[in-house]
Amino acid sequence: MRVMKQILAVLAVSLVGSLAVATVKNNPWLTLALGMATAVAALLVYGWVVRRTERREVTELARAGAGTRIARGTLIGFAMFAAVIVNIALLGGYHVHGMGSVTGVVGLFGFMAAVAVTEELLYRGLLFRLVEERLGTWLSLLLTGVLFGLIHLLNPDASLWGATAIAVEAGFMLAACYAATRNLWVPIGLHFGWNFAAGGIFSVVVSGNGESKGLLDATMSGPTLLSGGDFGPEGSLCTVLAGLVLTVVFLRLAHRRGRIVPRRRAVDAPAAGVTVS
């Protein structure tokens with residue numbers, strides 16, 4: 001019951017925000033405003049419902065150092081995507097034709113902020129964290145990563161390969177990032193930096209959701225394993241490899257910091273788990 005209350009609370013904000021943004025998608029300034037409002041509302045609701053149902057401080061969203069952590073995650077996500085797109089370009093799969101839409105950047109900033117915040121709260125803040133309490137880090141990473149990939153099958157132009165790629169490069173990586181940092185600010189920043197770089201700067205398809213009109217006027221071509229096809233660069237082998245590398249880096253960092261949670265045994269105390277810091 002506790003888990004359902006938490007998921008439904010955050011999901012309700014996400015759905016309402018998504019509908020609101022969809023109604024003004026042709027107005028970049030309203031999209032920016034509603035997207036940011038959705039992100040803030042989701043954070044507030046998450047904090048409220050977790051405090052109410054778990055009776056604890058929501059340390060994974062501690063305000064101290066939040067700005068620095070978001071910036072760090074955003075930089076990692078942006079750098080990761082830039083490295084991927086440069087490699088695809090060098091292999092002949094990405095082509096820039098000129099400048100794109102500055103106003104498009106504005107709207108995509110708000111939209112991607114809402115997506116990054118709501119998805120990280122749901123998948124890493126709730127699902128990964130709560131599954132990890134009982135099954136441990138490794139199984140939780142596997143299960144929630146696969147679920148994250150499967151849910152992307154609902155996207156336009158989705159494919160089984162695209163969903164598999166998302167599970168590996170995003171589902172596993174972002175869960176590993178949370179395990180290493182034990183806060184949601186870095187994964188939120190990483191998720192946002194990746195998505196905004198893809199749609200807002202390099203103007204490519206993001207997770208099969210159609211063409212983005214960002215800062216650059218660009219197109220992609222070549223075999224699906226290089227370009228990702230209709231699903232976008234997230235379906236590229238270059239992206240999968242980059243995601244795997246970061247997943248390993250984050251998991252090694254989590255292990256070094258002693259933040260890998262073992263699977264709880266039947267004889268363990270009910271309160272067994274990990275302190276988030």
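## Confidence in the model

The protein chain has a mean pLDDT of 93, and 96% of its residues reach 70 or more; pLDDT is the predictor's confidence in each residue, from 0 to 100. This is a predicted model, so local features need pLDDT of at least 70 and side-chain atom pairs count only at pLDDT 80 or more, while totals for chains, interfaces and linings use all residues. Residues are numbered from 1 along each chain as its sequence is written, and side-chain values use heavy atoms, with hydrogens and water left out.

Watch out for residues 269–277, where pLDDT stays under 50.

## Aromatic pairs

Rings of Phe, Tyr and Trp (its six-membered ring) pair if their centres lie within 6.5 Å; planes under 30 degrees apart are stacked, over 60 edge-to-face, the rest tilted. That gives nine aromatic pairs. One of them is Phe-128 with Tyr-178, edge-to-face at 5.9 Å centre to centre and 85 degrees between the planes. This pair links distant parts of the chain, with Phe-128 in helix 4 (residues 102–151) and Tyr-178 in helix 5, 50 residues apart. Both Phe-128 and Tyr-178 are buried (under 20% relative accessible area; exposed is over 50%, partly exposed in between; 1.4 Å probe, protein chains only).

Phe-192 and Phe-196 are stacked, because their ring centres are 5.5 Å apart and their planes at 10 degrees.

## Arg-182

Arg-182 sits in the loop between helix 5 (160–181) and helix 6 (185–201). With 0% relative accessibility, Arg-182 counts as buried.

Notes: Helix = DSSP H or I, 4+ residues; strand = E, 2+ residues; numbered from the N terminus. Contact = heavy atoms within 4.5 Å.
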